[in-house]
Amino acid sequence: IQRIFEAYKNKSVILRIFHLSNILKSAKPEITTSSVYTNTPKSYPFVSIEEISSSVNVNEETSCKIDEMTNVGIEINVYCQGNDKKTQAKEIVVLVDNYMIEKGFYRMSKTPVQDDNETTYRYILRYNGNISSKNKVYRR
């Protein structure tokens with residue numbers, strides 16, 4: 001997370017995205033979160049929150065080449081195990097979705113994934129948003 005914070009010191013919206021971890025833990029204390037993708041979490045339920053893309057919208061640069069708008073992509077992976085793994089994953093996805101949409105991001109995709117041995121259920125969620133230099137997120 002520190003790497004992302006350093007890259008976006010003036011982008012407080014990005015910092016708020018990572019507060020999602022606190023929201024999830026207060027709703028479901030058993031959740032473990034990380035800012036790094038992992039294919040094999042050590043505990044479940046597990047949620048990884050990661051920036052997957054960032055680009056400057058060149059049409060929104062000022063004459064001084066200061067980027068007025070940054071396009072940011074966030075990937076969130078939700079992993080669950082146990083008899084109610086699918087239900088539990090869906091509940092977590094609703095929490096994530098509500099938070100991200102409230103912050104101004106829009107969901108690009110929601111992909112359910114069942115592992116080969118059927119012990120882990122996972123959702124891959126991808127969100128995009130355009131962040132202005134005034135820290136406002138625009139959906140498009």
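Me: Which residues does P45 touch, not counting residues up to four places away in sequence?
Reply: In this predicted model, P45 sits in the loop between β1 (32-34) and β2 (46-56). P45 is buried, with a relative accessible area of 3%. Leaving aside residues up to four places away in sequence, P45 touches E30, I31, T32, Y79, C80, Q88 and I92.

Me: What distance separates the C-alpha atoms of P45 and V78?
Reply: P45 and V78 are 33 residues apart along the chain. The separation of their C-alpha atoms is 7.4 Å.

Me: Where do the two residues of the tilted aromatic pair lie, and what is the angle between the planes?
Reply: The search of the whole structure finds two aromatic pairs. One of them is formed by F46 and Y79, with a centre-to-centre distance of 5.7 Å. F46 lies in strand β2 and Y79 in strand β3, so the pair ties together parts that are 33 residues apart in sequence. F46 and Y79 are both buried, and the angle between their planes is 55°.

Me: Why is the pair of Y121 and Y123 edge-to-face?
Reply: Y121 is buried at a relative accessible area of 7%, and Y123 also counts as buried, at 5%. The ring centres of Y121 and Y123 are 5.5 Å apart. Planes over 60 degrees apart count as edge-to-face. The pair of Y121 and Y123 is therefore edge-to-face, because its planes stand at 75°.

Me: How many bridges join β2 to β3, and how many pair β3 with β5?
Reply: β2 and β3 run antiparallel, and T70 in β3 is the bridge partner of V56. β3 and strand β5 (residues 120-132) also pair in the antiparallel sense, where Y127 of β5 is the bridge partner of I74. The number of bridges is ten between β2 and β3, and 13 between β3 and β5.

Me: How many residues of strand β3 are buried?
Reply: Strand β3 comprises residues 69-81 and is mostly covered. Y79, which lies in this strand, is buried. Of the 13 residues of β3, the number buried is eleven.

Me: Why are the buried residues of helix α3 on the same side?
Reply: Helix α3 spans residues 20-27, and L20, S21 and L24 are buried there. These residues are on the same side of α3 because they cover an arc of only 105° around the axis. On the other side of α3, the exposed residues are N22 and S26.

Me: What span should the 18 residues of α4 have, and how far apart are its end C-alpha atoms?
Reply: The buried residues of α4 are K85, Q88, A89, I92, V93, V96, D97, Y99 and M100. Just after α4, G104 takes a positive phi of about 105°. At 1.5 Å a residue, α4 should span 26 Å, and this agrees with the distance between its end C-alpha atoms, 26 Å.

Notes:
Residues are numbered from 1 along each chain as its sequence is written. This is a predicted model: local features need pLDDT of at least 70, side-chain atom pairs count only at pLDDT 80 or more; totals for chains, interfaces and linings use all residues. Side-chain values use heavy atoms; hydrogens and water are left out. Buried means under 20% relative accessible area, exposed over 50%, partly exposed in between (1.4 Å probe, protein chains only). Helices (H or I, at least four residues) and strands (E, at least two) are DSSP runs, numbered from the N terminus. The arc is that of the directions from the helix axis to the C-beta atoms. Contact means heavy atoms within 4.5 Å. Two strands pair if DSSP finds at least two bridges between them. The expected span of a helix is 1.5 Å times one less than its number of residues. Rings of Phe, Tyr and Trp (its six-membered ring) pair if their centres lie within 6.5 Å; planes under 30 degrees apart count as stacked, over 60 as edge-to-face and the rest as tilted.
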